[in-house]
Amino acid sequence: MRTQLPSVEEQFRATTTRSRELYEQALQVMPGGVTRTSIYSEPYPIYAARGEGCRVWDVDGTRRLDLVVNYTALVAGHAHPAVVEAIREQAARGTSFAAPNPPEVALARELVERIASIEKIRFTNSGTEATMMALRLARAHTGRTKFAKVEGGYHGSHDLVQDPEVAGTLPDVGEFAVVIPYNDAAGATAILDRHGAELAAVIVEPILGSGGMIPADPEYLRALRAACDRHGSLLIFDEVISFRVARGGAQELYGIRPDLTTLGKVIGGGLPVAAFGGRADVMELLDPRRPGFLPQAGTLNGHPLGMAAGVATLALLTPEVYAELDRRGERTREGLRALFAEHEIPAQVTGVSSLMQIHFTPEPVRSSRDVQRTDARRRKEFVLGLCNHGVLLNSRGMAALSTPVGEAEIDEFLEAVDTVLTEARARA
Ligand SMILES: Cc1ncc(COP(=O)(O)O)c(C=O)c1O
């Protein structure tokens, strides 16, 4: 029997007229109406008016449960009073200086104390700059030019780590990058053993983030560590996303010590802060007191507002909070799996702690190749359907819990999923 339900897109358009108006204005002055490719979504993005805790209100006044939290960056949710206060206090003292500032030292000390492998650290404004600097530093330290990266890995938007197919990328940039498979220790080792002597570094996300929220097998990371040791390459863990899974980042969970680590997102409490750090003997190359040192520029590096927000955010992340995020993440993943089974929808839910992603495929998901098999049409309907029912996921089906997401909000999420799956069946 045909149903009277409007399509997911009709429902969306009917409730987001003000967003659409803003989008049309934006189209006049910005290519595609956006300033960040990843937040464009069809038919148009919703415009955020304000956020509080795990809620975002759009410009039409609709309140939703935000499980994107700016692509995992806001671990304490929106406008946490302690973070807002820290920013306010610092802003009243000045917003930036051509001088180091006290919160910068505090955030550096906090991160060095938390992350065993980081002996020295430097700040940047974005994860992109952090991986750019970490790779440059690895080249300076080893005197080598190439590096290895993982298939499906994401390290930002500078040329070296970009997909060489992207328009405008320097033509020979691909020659510097050796690509290794994810979660295939033997396959990756064979490639690293072939190219090892030329490699300055191997860069890897210990939990593949943008590529699908897929945890690495511990033996895979151990194999990369061993290959780097054999060949004198530096092992770089890109923990821009994965740092939020444990006090000392994913490297603490895995018990593996990289030479360098890149950080971002949660360490700035929602402001533009990222960092790179690691072995003192490598980081010392940046010391301006050394002859031939490697310079690091950046008008807004160590920005006091971001530093203050970062210190305030990390202070909220106690061992008890991490344990709660682990438990709630597991409960959410289990709840999702049960619903997909009940609705007989082939789906996988990957992730660690507060990070997760839904993949519409019957096969287990262990690499970004497996992610490619996801049913993209079903995913798009699902994500837009959830938006219509008050829950925000990113367009790839990624979700990240923030500390204000409690039992009631998990129930709310699972109920919305149940409704969306029921409606999808009614439309089919
Ligand atoms: C693992 C990883 N590295 C680097 C980046 C780049 O960070 P940014 O967007 O701050 O440049 C990202 C962004 O999502 C990321 O997930």
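Axes here are lines fitted to C-alpha atoms, for helices over the stretch in contact, and angles run from 0 to 180 degrees between N-to-C directions. Helices (H or I, at least four residues) and strands (E, at least two) are DSSP runs, numbered from the N terminus. This is a predicted model, where local features need pLDDT of at least 70, side-chain atom pairs count only at pLDDT 80 or more, and totals for chains, interfaces and linings use all residues. Residues are numbered from 1 along each chain as its sequence is written, and side-chain values use heavy atoms, leaving out hydrogens and water.

Now for the helix pair. The axes of helix 7 (residues 185-195) and helix 8 (residues 218-231) come within 9 Å and cross at roughly 15 degrees. Helix 7 and helix 8 are therefore roughly parallel to each other (angles under 35 degrees count as such).

On to the backbone. Most residues other than glycine have a negative phi, and most peptide bonds are trans. The bond from glutamate 42 to proline 43, though, is cis, with omega near 0 degrees. Proline 43 sits in the loop between helix 2 (17-29) and strand 1 (48-52).

Buried, in the table, means under 20% relative accessible area (1.4 Å probe, protein chains only).

| Residue | Phi | Relative accessible area |
|---|---|---|
| Valine 69 | about 35 degrees | 0%, buried |
| Tyrosine 71 | about 50 degrees | 11%, buried |

Conventions
Parallel < 35°, antiparallel > 145°, perpendicular 65-115°, else oblique.
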